[in-house]
Amino acid sequence: MPELPEVETTRRHIAPYLINNEIKDVLIYKDAERLAISHTASEMIRELVGRRITNLERHGKYLLFLLDDNRTWVVHLRMTGALIISKPISPKQKYERARIILDNDNALLFDDMRKFGTWHIVKNIIDAMPKIGPDAYSSEFTVQWLLEKLSQRKIPVKSALLDQKIVAGIGNIYADEACFDAGINPNRSSNDLSLHKVKLLHSSILSVLDLALGNGGTTFSNYRDGYGHAGNNSINAKVFRREGFECSRC
């Protein structure tokens, strides 16, 4: 699943092609109509066509397309989703589920092999991402916040990091990498961490996210960025999918 670095890389790639441009047409193919959550597929098309995208933001793994009617089109890529800039006349891709045609001779392709991606159009973004916690890059995600939330849960540290109510944007890759970087057993109980260990973990979370973002995200299987390319960060993985290899630290 694309995590914070992959979704943020996508946002940075596609935003210049979208902001202040109007959606001229939307195609949602028949095999992908269930991606529309807040509306039916036909309603979703009617609600998007003619709208201008005023900004593109991100919270955790969600992309937030701000529309000119003060609503937000919320997209979650889920397991295998990707948003890729293309041209309106480009051939339909094998796993293309939807296509957004813009007024600047560009198109945004929604590619999703597993068909788990979701779209909402909402007035309040919380309706599309309920019980979401602070983004890992936000000012609200502090050492004190992390300490408080971890101390309240008697679950493995990795499970706590995967809980989007505690911190939004982290999945399996960066939970594993952050725990390793901080020298914390991911199976250790979250309420057993000292302030010192939580400080190390907080720093490691930001460090591994920064590294991945600087390398365009991590591709192990399906992830592609806003230009359709794989991420380059997999070479930096210290533990994720390295079972059976020698420990890079030892």
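Q: How do the residues lining the largest pocket divide into nonpolar, polar and charged?
A: The lining has 8 nonpolar, 7 polar and 5 charged residues. Ala, Val, Leu, Ile, Met, Phe, Trp, Tyr, Cys and Pro count as nonpolar, Asp, Glu, Lys and Arg as charged, and the others, Gly among them, as polar. The model is predicted: local features need pLDDT of at least 70, side-chain atom pairs count only at pLDDT 80 or more, and totals for chains, interfaces and linings use all residues. Residues are numbered from 1 along each chain as its sequence is written, and side-chain values use heavy atoms, leaving out hydrogens and water.

Q: What makes a residue part of the lining of the largest pocket, and which lie nearest its centre?
A: On a 1 Å grid over the protein atoms alone, a pocket is an open set of points with protein on both sides within 12 Å along at least five of seven lines; a lining residue has an atom within 4 Å of a point. By that test 20 residues line the largest pocket. Met1, Pro2, Met79, Ile173 and Arg241 lie nearest its centre.

Q: What is the volume of the largest pocket?
A: It is about 380 Å³. A volume here is the space filled by probe spheres set on the grid points, which are joined across faces, edges and corners.

Q: What lines the second largest pocket, and which helix gives the most?
A: This pocket holds about 190 Å³ of space. Of its 14 lining residues, Glu177, Val208, Leu211, Asn236 and Lys238 are the closest to the centre. Helices α5 (172-182) and α6 (195-214) each supply at least two lining residues. α5 gives the most, with 5. By class, the lining has 6 nonpolar, 4 polar and 4 charged residues.

Q: What is the volume of the largest cavity, and which residues line it?
A: A cavity is a set of grid points where a 1.4 Å probe fits but cannot get out. The structure holds 1 cavity of 30 Å³ or more. The largest cavity has a volume of about 40 Å³. Its lining is Ala32, Arg34, Leu35, Arg97, Phe110, Asp112, Lys115, Phe116 and Gly117. That lining divides into 4 nonpolar, 1 polar and 4 charged residues.

Q: Why are β5 and β8 said to stand at the edges?
A: The open sheet of 8 strands has the order β5-β7-β6-β1-β2-β3-β4-β8, with antiparallel pairing. β5 (81-86) and β8 (118-122) each have a single partner strand, so one side of each lacks a neighbour in the sheet. Strands are DSSP runs of E, at least two residues long; helices are runs of H or I, at least four; both are numbered from the N terminus.

Q: How do you know that β4 and β8 pair?
A: Pairing needs at least two DSSP bridges between two strands. β4 (residues 72-76) and β8 have 5, and run antiparallel. In one of these strands, β8, Val122 is the bridge partner of Thr72.

Q: Why is Asn70 called exposed?
A: Exposed means over 50% relative accessible area, buried under 20%, and partly exposed in between (1.4 Å probe, protein chains only). Asn70 has 70%, so the label is exposed. Asn70 lies in the loop between β3 and β4. Its phi is near 70 degrees, a positive value in a residue other than glycine.

Q: Why does Lys115 count as partly exposed?
A: Its relative accessibility is 29%, so Lys115 counts as partly exposed. Lys115 lies in the loop between β7 and β8.
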